[in-house]
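Have the sequence and the 3D view side by side. We will go through the structure one region at a time.

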Amino acid sequence: MSGGSVRHLYVHLPFCATRCGYCDFVTLVGRTGEHGAYVDALLRELALERDALADPLDTIFLGGGTPTFTEPAALERVLASLPAAAEVTIEANPETVHEGLTPVLARNGVNRVSIGAQTFNTALLDVLDRRARPEDVRRAVHVLRDAGFENISLDLIYGIPGQTAPDLERDLEQALELAPDHLSCYELEAKPGTRFTHAHGEELGRQADAMEGYFELVVETLVDAGYRWYETANFCRPGRESRHNLAYWLGRDYVGIGIGAVSTVGARRWRNAPKLRPYVDALASGRTPPREDEPLDPATKARERLMLALRLDEPVPLQAVGSAIDPAGLARAERLGLAERRGGGLALTRRGRFLGGAVTAEILA
Ligand SMILES: C[S@@+](CC[C@H](N)C(=O)[O-])C[C@H]1O[C@@H](n2cnc3c(N)ncnc32)[C@H](O)[C@@H]1O
Ligand code: SF4
């Protein structure tokens, strides 16, 4: 083991085949001719940050965009250049998973695949502008399992315009039939002012009213099926937590490379600008890419640590977050059975976790 102290690396691969109406991530459609140049820049940024990174790393997460849409030679170049890590996750859209992809992932150390299923309902997939059909999700899982991938996660979204509670029940049922090791279930977030929000305005309002019930349905169904509700929106089989995302929630340092990527190291946070050209040009001439820097004072860090930690089922040690707590607010939350102290730490109760952010806001100083 050598190098720096940061044990978690995020790698942003922004390209997608098409753009889904609801998506607010830093993405670029197509641009296959530019994937190679982007990867050159990415590897230069990795070289710039290498001294900060431990070797081996604990986790690497290749997120997007659609990392598996990256032109194959460029994707393999990134994968082959990454430091070793115990957990290496790649996000994959179902339609990009095929027998040609799995050997590339396997020979370059990827050992966890997160598939964006979103829903198994074809009409709702159309509402989301998704290309993949339910059978593509099933096929992707089988192709990965046949290739020896043992740690597979599925993403689902609920609160989709037109969705009903029985639709969500069927989505959960079909996801469970695939026996994923991990599930992320997200409430649909629709940004005001987007075409998607404009197109589905009224129906989004109706879905917002139903969201609490959907959340309970998701938690109850997945917990009954034997999954651990280890983070607000995340569920896993024993030992199958996303170690990478857990590192964020536990307030660990991480480096992110690529356009729009965020890094947090000690008292400093920086965010790369989202535009491709300035990123590639800066790195091609040996300069740091355009970034926004944000100093993090201890009080801000403690507040963030508390907000993220209360999303988890395990208690956060009180000494790590004490300064961020409002004692009167905590006492109220405890009296109402929404928060509890366990073994020198603090956690939300089951009821508190359903209310989530509102309880955290009450406890925060
Ligand atoms: C970086 S995104 C995309 C990964 C991959 N390209 C895909 O679409 O499957 C990771 C996950 O975030 C979730 N997501 C994206 N936009 C969302 C939104 N507006 N509301 C809720 N979840 C969203 C989706 O479940 C998605 O799979
Ligand atoms: S494929 Fe994924 S990252 Fe790309 S636009 Fe759709 S949701 Fe966003």
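In what order do the three strands of the open sheet lie, and is their pairing parallel or antiparallel? The order is E17-E19-E18, and the pairing is antiparallel. Keep in mind that this is a predicted model. Strand E17 (316–317) and strand E18 (339–342) are the edge strands. Each of them pairs on one side only. Strand E19 covers residues 345–348 and runs antiparallel to E17. Two bridges join E17 and E19. For a specific position, look at Pro317: Gly345 in E19 stands opposite.

Now turn to helix H1, residues 35–49. The helix has 15 residues. From first C-alpha to last, H1 reaches 21 Å, close to the 21 Å expected at 1.5 Å a residue. Six names matter next: His35, Tyr38, Val39, Ala41, Leu42 and Glu45 are buried in H1. They lie on the same side of H1, because the arc they cover around the axis is only 160°. What covers these buried residues? The cover includes two helices, H2 (72–81) and H9 (276–284). Strands take part as well, among them E2 (8–13), E3 (15–16) and E13 (255–257).

Last comes the ligand. Ligand 1 is surrounded by 16 residues. Thr66, Gly116, Asp155, Tyr186 and Glu189 are the closest. Which elements give two or more residues to this shell? They are strand E6 (57–64), strand E8 (112–118) and strand E9 (152–158). By class, the shell around ligand 1 has six nonpolar and six polar residues, along with four charged ones.

Definitions and conventions. Residues are numbered from 1 along each chain as its sequence is written. Chains are lettered from A and ligands numbered from 1 in the order in which they are written. This is a predicted model: local features need pLDDT of at least 70, side-chain atom pairs count only at pLDDT 80 or more; totals for chains, interfaces and linings use all residues. Helices (H or I, at least four residues) and strands (E, at least two) are DSSP runs, numbered from the N terminus. The expected span of a helix is 1.5 Å times one less than its number of residues. A residue is buried if 20 or more other C-beta atoms lie within 10 Å of its own, exposed if 12 or fewer, and partly exposed in between; C-beta atoms are placed from the backbone. The arc is that of the directions from the helix axis to the C-beta atoms. Two residues are in contact if their C-beta atoms, placed from the backbone, lie within 7 Å. Two strands pair if DSSP finds at least two bridges between them. A residue is near a molecule or strand if its C-beta atom, placed from the backbone, lies within 6 Å of it. Ala, Val, Leu, Ile, Met, Phe, Trp, Tyr, Cys and Pro count as nonpolar, Asp, Glu, Lys and Arg as charged, and the others, Gly among them, as polar.
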